[in-house]
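Hello,

Here is the structure we talked about. My notes on its charged side-chain pairs follow below.

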Amino acid sequence: MNMVDLILRVCLAAQPNNCRDEHLLFESRGSLFQCMILAPAEIAKWSAEHPALKIIRWKCATPDGSQRI
């Protein structure tokens, strides 16, 4: 199964200088370009589940194998 890594740069809404990366792994539906098309829906869902965090940037990447599924 091919996976894609959606990497979100998130910061605490109350402390905008306190940031970290979050990795969302999901099944690839083709290419990284396809990830770019599908990512906004995944980002909206994740954001609704984490209201204290603000997403400041995101990107799609091929997983490097260090993340756990």
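R9 is partly exposed, at a relative accessible area of 25%. (Buried means under 20% relative accessible area, exposed over 50%, partly exposed in between, with a 1.4 Å probe and protein chains only.) The side chain of R9 forms a salt bridge with that of D21, at 3.3 Å from N to O. A salt bridge here is a side-chain nitrogen of Lys or Arg within 4 Å of a carboxyl oxygen of Asp or Glu. R9 sits in strand 1 (residues 3-12) and D21 in strand 2 (residues 19-27), so the pair ties together parts that are 12 residues apart in sequence. Strands (E, at least two residues) and helices (H or I, at least four) are DSSP runs, numbered from the N terminus. D21 is partly exposed too, at 41% relative accessibility.

This is a predicted model: local features need pLDDT of at least 70, side-chain atom pairs count only at pLDDT 80 or more, and totals for chains, interfaces and linings use all residues. Residues are numbered from 1 along each chain as its sequence is written, and side-chain values use heavy atoms, without hydrogens and water.

How many salt bridges are there by this rule? The count is three.

R20 pairs with E22 in a salt bridge, with the closest N and O atoms 2.6 Å apart. R20 is partly exposed, at 40%.

K45 and E42 also form a salt bridge, at 3.8 Å from N to O. They are three residues apart in helix 1 (residues 32-49), so about one helical turn separates them. K45 is partly exposed at 46% relative accessibility. E42 is partly exposed at 28%.

Best wishes
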